[in-house]
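Dear colleague,

I am handing over the structure below, and I would be grateful if you could look through it before reading my notes.

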Amino acid sequence: MITPSAPEYILDNFEQTDRIAMLVLHRDFGETIQRITSAQKAASPEFQAWLRYKNANGSDIYIGMNPLKKDASTRTKEDIESIKHVYIDLDYGGPETLESIENSSVVPKPNYLLNSSPERHQIVWKVEDLNLEEAEALLHAMAREFGGDPAATDATRVLRVPGFANKKYKTDFYVEARKESAETYHLRDFKLQIDSQDSPRYNYHNRAKRESSPRTNLSQSEHDWAFAKRALARGDDPEDVIRRIADFRGDEKHTNYPRQTVEKARHELQRASDLQHLRGTLSTFVNEPNREQ
């Protein structure tokens, strides 16, 4: 069994000159840092030391799984240079779902299995000759077939990096990758039925409703705002969230509506983060022992 380090994982999945996005996310402080750089630099000792420092101080570490264009400064669909990976994020089902994928006749043997948190997995296949539309339809179909996280069906999605701690829990959980195959696959190697349920518009509509309040009388605008808030909180690129809302809404709303919705969600998340930070500071101050003797 091959368990690669973070640099080995990066260089095995990308050419050294590929431009990739590395995302550093500190949930408690509401800090999101994205660095777009070459795979060679991302795997370098200096860059890895910086990532380890940020991870040790509470940040989660992610990597975009598809290379970006040479002049890209953001991680949106328009910035994607090529499709090199498809993936599934398994939040439920644990070992049973993982086993069903490994033994499945409709998907080939995965290249990597990542233990991203207790009984949760991210599964990665290397691919080539897929365009963005084909890749996202396949991502939707795999998530539907195996019960994967529907939020992880964008070609711009970031996944965890092996060797770094998952900071979502009280106790650090170190992400580990297991290499299963060295093959590079094509669309024909996936035998899933791709239908209208796997279109980006259909997927957005259902995700927006699923991720909003359980109340049944929400307006579509409220669904859009709740969707934007959840997407930003998990580290999605704001420009990509704007585009998803715009694509779904079409000409139904004025042209500034998607951006205003995302800005409203960003302000709300920042306000909540500032409030949480203030509470932590006050708690520390109140509980600090009196040093005056």
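What follows describes the nonpolar cores and then the pockets.

This is a predicted model, in which local features need pLDDT of at least 70 and side-chain atom pairs count only at pLDDT 80 or more, while totals for chains, interfaces and linings use all residues. Residues are numbered from 1 along each chain as its sequence is written, and side-chain values use heavy atoms, with hydrogens and water left out.

A nonpolar core here is a set of buried Ala, Val, Leu, Ile, Met, Phe, Trp, Tyr and Cys residues joined through side-chain atoms within 4.5 Å, where buried means under 20% relative accessible area with a 1.4 Å probe, protein chains only. The largest such core has 53 residues, and Met22, Val86, Val107, Trp125, Met142 and Phe190 have the most contacts inside it. Apart from that core lies another, of 10 residues, which include Phe227, Val241, Tyr257 and Val262.

A pocket is an open set of points on a 1 Å grid over the protein atoms alone, where a 1.4 Å probe fits, with protein on both sides within 12 Å along at least five of seven lines; its lining residues have an atom within 4 Å of a point. Of the 24 residues lining the largest pocket, Leu25, Gly30, Thr32, Leu232 and Leu269 are the closest to its centre.

The second largest pocket is lined by 25 residues, and those nearest its centre are Asp89, Asp91, Asp149, Arg157 and Lys168. Its lining divides into eight nonpolar, six polar and 11 charged residues, whereas that of the largest pocket divides into seven nonpolar, 10 polar and seven charged; Asp, Glu, Lys and Arg count as charged, Ala, Val, Leu, Ile, Met, Phe, Trp, Tyr, Cys and Pro as nonpolar, and the others, Gly among them, as polar.

With best wishes

Notes: Buried means under 20% relative accessible area, exposed over 50%, partly exposed in between (1.4 Å probe, protein chains only).
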